[in-house]
Amino acid sequence: MGSGVDENGVVLFSCEELSEMSGVKFGGDFVEVTCGCTSHRYGDSVGRLRVFVNGELEITCECTPGCHEDKLSPAAFEKHSGRETARKWKNNVWVIVDGDKVPLYKTVLLKYYNQALKSSNGSGRSQSGRVCHRDEFVRCSRCNKERRFRLRTEEECRIHHDALADSNWTCADLPYDRITCDTDEERASRRVYRGCSRSPTCKGCTSCVCFGCDICRFSECSCQTCIDFTRNANA
């Protein structure tokens with residue numbers, strides 16, 4: 001566990017790669033280090049960066065004792081810090097290596113993030129050339145039944161994206177299936193089949209779980225997920 005090992009036994013980073021970094025801690029599927037972002041006006045904002053093997057980066061801010069911002073993306077942390085030249089989080093968010101502030105892009109910590117980004121831009125595509133997105137479910141706010149969303153096209157991804165963001169979504173809002181709240185919910189044995197190209201009963205793998213791409217993220221959308229993806233893609 002000295003270098004961080006996920007639940008599948010994958011070593012996240014070697015001890016040598018992390019030996020000079022400050023504040024290193026290990027979790028079941030992540031490595032955590034001290035990070036920060038510097039504003040010329042407000043000074044240093046310090047936080048804790050978690051690096052997950054699936055490519056996700058998550059920062060808990062510790063800029064003040066009363067700050068409760070957690071699970072921030074690097075772009076959101078950069079903005080929260082008051083950094084004047086934002087939108088370049090790979091350069092502006094730093095970790096301490098051997099006593100010096102080193103930008104993230106100069107460290108090994110973006111290894112899994114970059115792999116996930118490359119996968120979403122092509123290497124994780126199915127034989128048809130399209131990014132793999134497994135089927136997802138949204139629960140009706142009226143009848144409490146889960147309804148399947150197939151995510152094969154940009155239009156289908158947008159329908160699911162908007163439904164997921166709508167706390168009042170109901171079965172009647174599903175545009176392409178004639179489903180009402182009276183329609184039976186899919187059997188549990190059927191719901192395990194999610195359309196993964198590797199395994200029909202897959203619970204989530206790199207073939208069917210997309211971490212963000214041009215099909216399922218939308219530059220004109222104002223939600224934080226799409227904003228972060230657009231910023232990160234342009235960084």
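1. Start with Glu136, which counts as partly exposed at 22% relative accessibility (the cut-offs, with a 1.4 Å probe and protein chains only: buried is under 20% relative accessible area, exposed is over 50%, partly exposed is in between). This is a predicted model, where local features need pLDDT of at least 70, side-chain atom pairs count only at pLDDT 80 or more, and totals for chains, interfaces and linings use all residues. Residues are numbered from 1 along each chain as its sequence is written, and side-chain values use heavy atoms, with hydrogens and water left out.

2. What does Glu136 pair with? It forms a salt bridge with Arg194, and the closest N and O atoms are 2.8 Å apart (a salt bridge here is a side-chain nitrogen of Lys or Arg within 4 Å of a carboxyl oxygen of Asp or Glu). Glu136 sits in strand 7 (residues 136-139) and Arg194 in the loop between helix 6 (188-191) and helix 7 (224-234), so the pair ties together parts that are 58 residues apart in sequence. Helices (H or I, at least four residues) and strands (E, at least two) are DSSP runs, numbered from the N terminus.

3. Stay with Arg194 for a moment. With a relative accessible area of 16%, Arg194 is buried. Leaving aside residues up to four places away in sequence, Arg194 touches Arg134, Asp135, Glu136, Phe137, Arg148, Pro200 and Cys202 (contact means heavy atoms within 4.5 Å).

4. How many salt bridges does the count come to? By this rule, 13. Asp135, Arg148, Arg152 and Glu186 are linked in a network of them.

5. Another salt bridge joins Asp44 and Lys101, whose closest N and O atoms are 2.6 Å apart. This one links distant parts of the chain, 57 residues apart: Asp44 is in strand 3 (residues 43-52) and Lys101 in strand 6 (residues 100-103). Asp44 is partly exposed, at a relative accessible area of 38%, and Lys101 is partly exposed too, at 46%.

6. Then there's Glu220 with Arg158, a salt bridge with its closest N and O atoms 2.7 Å apart. Again the pair links distant parts of the chain, with Glu220 in the loop between helix 6 and helix 7 and Arg158 in helix 5 (residues 154-165), 62 residues apart. Glu220 counts as exposed at 58% relative accessibility, while Arg158 counts as partly exposed at 24%. Arg158 also lies over the face of Phe218, at 4.7 Å from the ring centre (a charge sits over a ring if NZ of Lys or CZ of Arg is within 6 Å of the ring centre and within 35 degrees of the ring normal).

7. How many disulfides does the structure hold? Cys181 is in no disulfide, and its nearest cysteine sulfur, that of Cys140, is 3.8 Å away. The sulfur of Cys216 has its closest cysteine sulfur in Cys213, at 3.7 Å, which is too far for a bond. Cys216 counts as buried, at 9% relative accessibility.

8. On to the rings: the structure holds four aromatic pairs (rings of Phe, Tyr and Trp, the last by its six-membered ring, pair if their centres lie within 6.5 Å; planes under 30 degrees apart count as stacked, over 60 as edge-to-face and the rest as tilted). One of them is Phe30 with Phe52, centres 5.4 Å apart and planes at 55 degrees, so this pair is tilted. Phe30 is in strand 2 (residues 30-39) and Phe52 in strand 3, 22 residues apart, and both are buried.

9. Trp89 and Tyr113 form an edge-to-face pair, 5.4 Å centre to centre with 85 degrees between the planes. Trp89 is in helix 3 (residues 89-92) and Tyr113 in helix 4 (residues 111-123), 24 residues apart. Trp89 is buried at 0% relative accessible area, and Tyr113 is buried at 11%.

10. Last, two backbone angles to look at. Asp98 isn't a glycine, yet has a positive phi of about 55 degrees; Asp98 lies in the loop between strand 5 (93-97) and strand 6 and is exposed, at 58%. Asn144 also has a positive phi, near 70 degrees. Asn144 is in the loop between strand 7 and strand 8 (146-149) and is partly exposed, at 49%.

Note on methods. A disulfide is a pair of cysteine sulfur atoms within 2.5 Å.
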